[in-house]
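Morning, everyone. Please keep it in view while I talk.

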Amino acid sequence: MAAVLTATDALPRELTPAQRALRRLARRRGAMVGLGCVVFFVLLALFAPWVAPHDPLATSWSAVRQAPSAHYLFGTDEIGRDVLSRVIWGTRASLLAGLVSVCISLALGVPVGLAAGYLGGWVDALISRITDAMLACPFLILAIALAAFLGPSLTNAMIAIGISATPIFVRLTRAQVLAVKVEDYVEAARAVGNSHLRIALRHILPNVVAPLIVQATLAIAAAVIAEASLSFLGLGQQPPAPSWGSMLNTAKNYIDNAPWMSVWPGLSIFLLVLSFNLLGDGLRDAFDPRHK
Amino acid sequence: MFKFLVQRLATIIPTLFFVSILIFGLQQLLPGDPATALAGEDHDPNVIAYLRAKFHLDEPVYMRYFYWARGVLHGDLGESVRIQKPVTDLILEKLPVTVQLASMAIVIAIVFGVSAGILSAVKKDTAWDYAANVFALWGLSTPNFWLGILLIMLFAVKLGWLPASGYVSPFEDLKGNLAAMIMPAFVLGNSFAAVLMRHTRSAMLQVLSADYVRTARAKGLEERVVVLKHALRNALVPVITLGALGFGELLGGTVLTETVFSIPGFGKLIVDAVFNRDYSVVQGVVLFTATVYITLNLLADLAYFLVNPRMRG
């Protein structure tokens with residue numbers, strides 16, 4: 001990216017493609033609403049100890065399954081814990097899982113995809129077959145199996161989700177690298193005598209970043225749902241620590257007499273996932289104006 | 001045609017090989033001694049000794065893979081530690097339930113997803129298009145276990161129209177079976193409908209601007225005929241291929257849907273196996289889904305090949 005920035009300095013009036021894309025993004029109302037919601041959830045997660053009105057773990061036998069009221073805005077759960085406070089603290093598990101697992105996927109998928117696309121030959125053939133094999137196992141089922149064998153915990157759920165989502169990034173990076181490596185500037189970089197590593201990292205990688213950002217944003221949405229799913233099944237965040245998925249798991253036993261227990265955590269998952277989807281769609285349209 | 005078939009089949013073999021390595025490798029993730037872990041919580045020394053011999057745990061990894069793969073190729077996916085039943089039998093027993101659920105979900109997804117996709121492409125940039133896009137975003141962003149809970153709340157608890165959970169065999173009581181399956185099928189089909197809507201919309205938009213569609217319009221054909229007969233037929237080709245890719249997520253979705261609605265299918269099998277530490281069942285289910293997925297994608301490719309004359313040449 002350093003090279004791009006120097007070019008901007010030399011021509012102050014001309015916008016870089018990245019800046020143009022950001023301007024297009026800013027004009028998309030859906031994407032901005034999504035971004036706003038994401039920022040809201042991030043702040044909620046960071047300031048959970050100050051925002052939450054009650055201790056998320058404090059039980060109260062005198063306040064079991066109370067309907068929403070002025071004291072407990074979202075009601076209380078089966079052992080008298082404040083649902084609002086647990087939803088606020090649960091933001092941490094969901095956001096953390098979304099971000100960490102996508103970072104794992106990127107850290108594994110991008111170098112491998114880059115190697116496959118750039119080196120070609122048997123390296124590509126081998127990597128592509130392994131990717132096919134991983135893609136053949138449905139994402140959630142693979143994540144469940146990995147989490148089951150690794151043992152139930154939030155960390156293992158993030159590892160499981162990250163590994164399961166890796167093949168998408170391998171495939172995307174590889175396809176982008178194949179398209180970029182035949183460009184003239186790559187040829188020029190090679191002619192000047194740059195090493196393969198330098199060409200791959202300095203000349204190819206920066207040019208495949210845009211679709212990766214789009215995919216990563218959409219993958220966070222999928223990872224948040226996946227973490228909630230694993231927690232719902234009991235394979236993610238372990239009780240009593242709050243997470244939206246495990247709250248729903250308990251709540252499903254009280255559908256008839258405490259519906260508020262299921263409404264709020266589910267709504268939070270929906271809103272967070274929707275925000276990342278809106279942002280991802282907006283980014284895709286902004287980076288690729290031909291789309292849509 | 002023959003060459004294409006052979007080439008396509010040839011790519012499956014290495015894929016299946018790596019799938020088998022991946023699934024066999026899962027076992028190696030178990031912390032500590034696999035025999036102790038596989039034996040469950042009882043740590044019965046007899047069971048451990050039996051498992052050690054059975055899984056050839058004293059032999060090197062590649063030999064163990066060889067024994068395991070040989071069994072798989074003979075249709076032996078191992079035995080459930082808990083239920084003392086061959087995994088293959090367990091899978092075949094639960095399969096019909098999931099097949100029914102998934103088929104109903106696919107029908108629902110096609111009806112809603114493809115129609116919404118056509119509508120939004122034909123009425124691009126209108127309120128219809130906007131509404132269809134909102135519908136797709138909703139479908140992609142709703143966790144299906146939450147949707148399941150909400151539907152139970154409304155249709156079972158509040159209105160009392162449908163049973164909250166459970167399963168009845170269609171051979172015993174067809175009406176009861178459909179009543180029990182309609183909510184789960186809708187929940188499962190919801191996100192798949194969204195995926196199909198997006199694919200149909202973009203395929204239709206591409207096709208609707210093609211020359212032959214303009215010709216069809218120019219010769220005075222009714223718009224309905226142009227859209228449904230000329231455009232849709234071609235637009236559906238990529239939708240079928242991409243739809244087959246999305247089928248994997250549908251299979252993943254059955255796990256949650258069956259858990260929420262207590263349906264004794266394939267998805268429930270893997271969840272129960274996870275909690276019973278019945279690892280050979282988990283491996284068997286993953287291997288089976290992967291094989292189904294690979295086969296379906298092969299069939300989709302063949303269908304694509306058959307409906308597209310340009311590919312045959």
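Is Lys124(B) buried, exposed or partly exposed? Lys124(B) is partly exposed, at a relative accessible area of 35%. Here is the scale: buried means under 20% relative accessible area, exposed means over 50%, and partly exposed lies in between, with a 1.4 Å probe and protein chains only.

Now the ground rules. This is a predicted model, where local features need pLDDT of at least 70, side-chain atom pairs count only at pLDDT 80 or more, and totals for chains, interfaces and linings use all residues. Residues are numbered from 1 along each chain as its sequence is written, chains are lettered from A and ligands numbered from 1 in the order in which they are written, and side-chain values use heavy atoms, leaving out hydrogens and water.

Back to Lys124(B). Its side chain meets that of Asp125(B) in a salt bridge, 3.6 Å from N to O. A salt bridge here is a side-chain nitrogen of Lys or Arg within 4 Å of a carboxyl oxygen of Asp or Glu. Asp125(B) counts as exposed, at 64% relative accessibility.

How many salt bridges does the structure hold over all chains? The count is 14. Stay in chain B for another one. Arg217(B) and Glu223(B) meet at 2.9 Å, N to O. Arg217(B) is partly exposed at 36%. Glu223(B) is partly exposed too, at 37%.

Over to chain A. Arg190(A) bridges to Glu187(A), with the closest N and O atoms 3.7 Å apart. Both lie in helix α9, residues 184-191, and they are 3 residues apart, about one turn of the helix. A helix here is a DSSP run of H or I with at least four residues, numbered from the N terminus. Arg190(A) is partly exposed at 32%, and Glu187(A) is partly exposed at 43%. There is also a network of salt bridges in chain A, linking Arg129(A), Asp132(A) and Arg171(A).

Next, helix α3 of chain A. It has 18 residues, 29-46, and at 1.5 Å a residue it should span 26 Å; its end C-alpha atoms are 26 Å apart, which agrees. The expected span is 1.5 Å times one less than the number of residues. Which residues of α3(A) are buried? They are Ala31(A), Gly34(A), Val38(A), Phe41(A), Leu44(A) and Ala45(A). They cover an arc of only 145 degrees around the axis, so they sit on the same side of α3(A). That arc is taken from the directions from the helix axis to the C-beta atoms. On the other side, Arg29(A) and Leu46(A) are exposed.

Last topic: aromatic rings. Rings of Phe, Tyr and Trp (its six-membered ring) pair if their centres lie within 6.5 Å; planes under 30 degrees apart are stacked, over 60 edge-to-face, and the rest tilted. By this rule there are 17 aromatic pairs over all chains. Take Phe232(A) and Phe145(B): their centres are 4.5 Å apart and their planes at 20 degrees, so the pair is stacked. This pair crosses between chains, from helix α11 of chain A to helix α7 of chain B. Both Phe232(A) and Phe145(B) are buried.

Now Phe112(B) and Phe186(B). Their centres are 6.2 Å apart and their planes at 85 degrees, so this pair is edge-to-face. It links distant parts of the chain, 74 residues apart: Phe112(B) is in helix α5 and Phe186(B) in helix α8 of chain B. Phe112(B) is partly exposed at 42%, and Phe186(B) is partly exposed at 34%.

One more group to find: Phe17(B), Phe18(B), Phe24(B), Tyr65(B) and Trp68(B) form one aromatic cluster. Thanks, everyone.

Key: Helix = DSSP H or I, 4+ residues; strand = E, 2+ residues; numbered from the N terminus.
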